[in-house]
Amino acid sequence: MRSAPFEYHRAESLDQAVDLLATLGEDARPLAGGYSLVPMMNLRLARPEHLVDINPLGLDHIVRDGAVVRLGGLVRHSRYAVDTTLRKTFPLFAEASSHIAHPVIRRRGTLGGSLAHADPTAELALLAVLYDGVIHVSSARGRRSIPAGEFFKSAFTTALQAGELVAELEVPVPATGSGHAFFEFSERKGDFAIIAVAALIRAAKGRIAEARIACAGALSAPIRDANVEVALVGQSLETPGALEAGHMFAAAHDPMSDIRATSHYRRHLIAELVRRAVEKACAGAGGAA
Amino acid sequence: MSRTLERPKSIGARVHRLEDPRFLSGRARYIDDIRRPRMLHLAIARSQEAHARIGEIDVESALALGDDIRVFTGADTVGLAVTANAEYPEVQFSQQPLLAQGRVRFVGEPVAAVLADDPYRAEDAAGLVFIDYENLTVLPGIAVARAEGAPTLFDGWRNNLFVERQMKGGDLAAARSAAVHTMRRTYRTHRQAGVPLECRGVVAEYDPADETLTVWSSTQIPHLLRTYISEELEWPETRLRVVAPDVGGGFGVKGQIFVEEILVAWLALQTGRAVKWIEDRREHLIASIHAREHEHTLEAYLDGDCRLLGLQADISVDCGAYSTWPFTAASDPGMVAKVLPGPYDFGAYEATFRGVATNKCPVGTYRGVGRPSAVFSQERLMDDIAAELGLDPVDFRLRNIIRRFPFKNVLGFTYDEGSYAESLEKTRAFLAPDIAEARRTRSSDEVRVGVGFACFIEQTAHGTPDFTRRRVPIETGYESARVEMMPDGSVLVEIGLQNHGQGHETTLAQVAADALGVTPQEVRVRHGDTLTTPYSVGTWGSRGGALGGGAVHRAATEVAGKLRAIAAHLLQAEGQEIVLGAGYAALAEDPDRHIEIAHLARAAHRNLERLPEGMGPGLAALAGCDGPADGTYSNAVHAAVVEIDMNSGKLTLRRFVVVEDCGVIINPMIVDGQVRGGVVQGIGSALFEQFVYSEDCQPLTTNFADYLLPAAPEIPDIEVHHIETPTPLTPLGAKGLGEGGAIGPAAAIANAVSNALGVSVAETPLNANAIWTLIQSATGRSETGE
Amino acid sequence: MNTICLHVNGVSHRVAVEPRRLLADVLRQDLALSGVHIGCAHGACGCCTVQIDGAPQLSCLTFAVQCDGAEIETVEGLGGHDAGHPLQKAFMAEHALQCGYCTPGFLMALAPFVEQAIEQGRIPEADEIREAMSGNICRCTGYHGIVAAVRRAIHDGIQGDSP
């Protein structure tokens, strides 16, 4: 169970990395943490002919820039639990990342790697979609920006084109006093989610002013549901109709079946986790009334 | 000097393991650490179809990779096979060829052997072997395989049964007609793999200098492997050496003989070079052995006092595509039939058991073998009956439990002394607060707590007659040991048992130390190498402590006798009692008259003139220990406390309690370790470890992302309590215990879930989806909504 | 072929490696470090854990070429021939190993956790300890002895005892 042969290249800067990727072509992949790519290579499910090691790039900033926070593509998952900027503005990153595999893997896995890998159940992809993040990608052709809602096409498939690297995730800071919630259901702690749900509630005068609910594990990429979000607006924080919101979200989609869970069970979990997330986010937003 | 006669007793002490330093410091030598000069690496091209005829095997692209590449196929290994049969007419003959002979019967079956100078290249080349398949009808499970008109897996078979037989005792018809209550249920346990953390591996090398073929294998049965290779390859056993190095877990998985082992030996002879094969994880999951896929239909008959009168059982096991050596496809189903009577007192029993052939990985012996599934059915049935009759489940068991010993059960097996009722009462007392909480949360819509018990016995340390009965290729139960004291007074124990985590280097040292009056640190235990150890059937069947310990005790006692005789002679105290302890031999009556044991040892080897008249030189003995005819029976009760989130289906295992009795305990620390390790594997069997095949028998769980093992956060503290009821049947009074931990958890957890939800759990696994489905039926909800 | 320099357990080595060779294989074969074990080759069991530049990493998911110039520590470097590191001694005292195959991986993954807890002067809760070892699978012990060993090593480290 070992990889097929490949050539190894080490990039010392972002410019060098994208130049290498452009030159080497479609059979070149960037190597960041490697904990998603290398298992696939060892199993011979992926056979890149070239690996461009981008670990020397740095690119691991977490900075507040006015109304947004910018996270570099090489931010390792273990940073979220300890970064003070992020914990204040986006508490869900710490919470969600605690569900990513195990401590040794979290110390190595990267944000850009996770987003580019696009596992349908990935926690960080879910948060990118929840927070309406923008993914900035770099290539030899320059830089372009892709809204999170358009980035994840389907399982392991993104809007990334050949030669593009995830350089940064930009997330607009939620209004102060917003309520955040994250729930994940998996067989064992750290396993890929069967269903994960994240919610963000902005309140005004005791009522929901804006609601965002995102779900991973239902379909081949994380999803939002505009109908559910609209229906929640105007509800009181005390009785937001979380149960109905859950049922509405679950009824609107036909979740996948696999060896972990049937479609029926997933549907039930969607309803249940949406309910819990709405209740918790509303409770967290209550202080802002 | 006047020292009191200290005889620190080693048996029963929590001696830290003498073998630990090499494992802790990374010095241990496992199979992949064996490196030989000019060694070739083997990769195996395996079938990608579940059932097919093989046409052409195209090896051109593989060979084109380089001059070092060689490929062998079934055409080169005609007639070589692993043949596992039981000698009675109800068994149909089958064998697994080393390399497929024109037909493959499960995904993963070896088709071609590819050799290269390094393992990466071998894997590259194996990926370039192209096999032409002509698909045949797939037998995906018991139902299809048994259906009328199903094609047979082997030419000449009358149906797809490796074996079908009966076991019976007493008058079941009478029990049935006398019954006031009858209960009939079907229970199923799912398929899983065994998964030691170290995969299998073999290295073989022929040395022309001494004309010896050496085979290293990560095996639990080195002597049996030697005999098998000798017979199959027609190679004299005196010129064949099999070595089990340090082994990274066996659990019975490595207690089989595999085609890969014979293949590597054969390739070493063919090429004249050392050959190494190291299994990878995917191969292990799809092509080593599987376990536990059972279906049992039980019918119990009870009188008006809720006492069991009789039990009828119909037992099917999905045995996969081949019968495994040495226990054969009869092993799992036959064992279920044999152990179903369990610890309960009833006089009529009839069991029909069968091993069914399907296009899956062969089933073999994995910790507990047929017992976890048997106990699942037995203990689920006890709870189901209790629930039906409105009885407390523990009271119902106590009403039917065996209390007088020795007890001859309905099949004629004799149970030696045990603590069945006592262990049940004790466990119930430990669980009192949880039982109360379970009652309080009985109708909760949020979180329910459930408590479940499993009470079982385990036949261990089987003696020769037990094997003779089975008529399978493993004929005997004895164990033997050679004990020798060196001139410096240190002790060498050589035993054919093979240690793969059980701590034999410590426990057997403790046994020898006690008999010889030295410390365990002065005893070196050698095992696993057929060149230096007496013949043994290996380590499995919970036999190591009882039989291995028994053999060491006897041999050491013989040497001790000689030491005493020399001491008496040198102390001019012939005929007086000599005691050995703390490195000295002293007169029992007058300990001030003593002599160092090391002194005696030197004399025995080097100063023959100082020995008693007529005594020969040396200080060594070889002794054997056969198991009791019916083995010796350990007993245990497992109890599980589960917490179920009624809204999500999440099951949390809050508490797990074991009360166990394995007779005299040699090293409590090691016993606790064996119990806990077994329990966690049992928890894995109940909740996580499911091997899944598609409808056309393609394996779907081929790595650890899909095949889930219990990890530390999922496991509660496992509380272990001991009762020690010594058995008169083994030299030390010890019974076996290696597998016990793995036998009870599925039953206990399933009973706890049934208790929490008020529904009868009939199958495993109890993963999240299964729990949720049970919740739906418990609360009367439909599948699609509230 | 790439020529790289690995500093392993305090000794520098120059090795020529094909890019696809795993760090685990190079350590085991080229440097004969039998204490590095491979249980799955896809990062799910933790057996192969070593320390690279001070942090525990999975050597089955790391190519040796990525480690040119890196400081690597394996279990052989932890406590030497006689396993003298406090965590190793605690493992022995608490029967935290049986077959030993997963043991180096647990030791390399947990040693930093233990050191950090000693520095902080507090003994973590059981669930914290189990979370710290959640990436390491053991098939033999049921984890009980390993949790006890971690607790003992931290306790003794805080007291300043040598076990």
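The legends below describe close-up views of a predicted model with chains A, B and C. Local features are given only where pLDDT is at least 70 and side-chain atom pairs count only at pLDDT 80 or more, while totals for chains, interfaces and linings use all residues. Residues are numbered from 1 along each chain as its sequence is written, and chains are lettered from A and ligands numbered from 1 in the order in which they are written.

**View 1. The contact between chain A and chain B.** The contact takes 16 residues from chain A and 23 residues from chain B; two residues are in contact if their C-beta atoms, placed from the backbone, lie within 7 Å. On the side of chain A that touches chain B, helix 11 (residues 263–285) of chain A gives the most, with five residues. Helices (H or I, at least four residues) and strands (E, at least two) are DSSP runs, numbered from the N terminus. The residues of this side of chain A divide into eight nonpolar, three polar and five charged. Here Ala, Val, Leu, Ile, Met, Phe, Trp, Tyr, Cys and Pro count as nonpolar, Asp, Glu, Lys and Arg as charged, and the others, Gly among them, as polar.

**View 2. A four-stranded sheet of chain A.** Four strands of chain A form an open sheet in the order 11-12-13-14, with antiparallel pairing; two strands pair if DSSP finds at least two bridges between them. Strand 11 (179–185) and strand 14 (223–224) of chain A are the edge strands, and each pairs on one side only. Seven bridges link strand 11 of chain A to strand 12 (residues 195–204) of chain A in the antiparallel sense. Phe183(A) has Val197(A), in strand 12 of chain A, as its bridge partner. Helix 11 of chain A packs on the sheet and touches strand 11, strand 12 and strand 13 (207–216) of chain A. The direction of helix 11 of chain A makes about 30° with that of strand 12 of chain A. Axes are lines fitted to C-alpha atoms, for helices over the stretch in contact, and angles run from 0 to 180 degrees between N-to-C directions.

**View 3. A five-stranded sheet of chain B.** Five strands of chain B form an open sheet in the order 9-19-18-17-10, and the pairing is mixed. Strand 9 (161–169) and strand 10 (181–189) of chain B stand at the edges with a single partner strand each, so one side of each has no neighbour in the sheet. From one strand to the next, the twist averages 10°. Strand 18 (residues 308–318) and strand 19 (residues 348–356) of chain B run parallel and are joined by nine bridges. Ser316(B) stands opposite Arg354(B) in strand 19 of chain B. Helix 9 (residues 331–339) of chain B packs on the sheet, where it touches strand 9, strand 17 (294–302), strand 18 and strand 19 of chain B. The direction of helix 9 of chain B makes about 170° with that of strand 19 of chain B.

**View 4. Val114(B) in the largest nonpolar core.** This core has 420 residues, and those with the most contacts inside it are Ala198(A), Leu42(B), Val114(B) and Ala512(B). A nonpolar core is a set of buried Ala, Val, Leu, Ile, Met, Phe, Trp, Tyr and Cys residues joined through C-beta atoms within 7 Å. A residue is buried if 20 or more other C-beta atoms lie within 10 Å of its own, exposed if 12 or fewer, and partly exposed in between, with C-beta atoms placed from the backbone. Not counting residues up to four places away in sequence, Val114(B) touches residues including Leu42(B), Ala62(B), Ile69(B), Val71(B) and Val129(B).

**View 5. Ala623(B) in strand 29 of chain B.** Ala623(B) lies in strand 29 (residues 620–625) of chain B. Ala623(B) is buried, with 21 other C-beta atoms within 10 Å. Leaving aside neighbours within four places in sequence, its contacts are Ser480(B), Ala481(B), Ala551(B), Arg554(B), Ala555(B) and Glu558(B).

**View 6. Helix 1 of chain C.** Six of the eight residues of helix 1 (residues 23–30) of chain C are buried, so this helix is largely enclosed by the rest of the structure. The buried residues are Leu23(C), Ala24(C), Asp25(C), Val26(C), Leu27(C) and Arg28(C). They pack against strand 1 (2–8) and strand 2 (11–17) of chain C. Ala32(C), which follows helix 1 of chain C, has a positive phi, near 50°.
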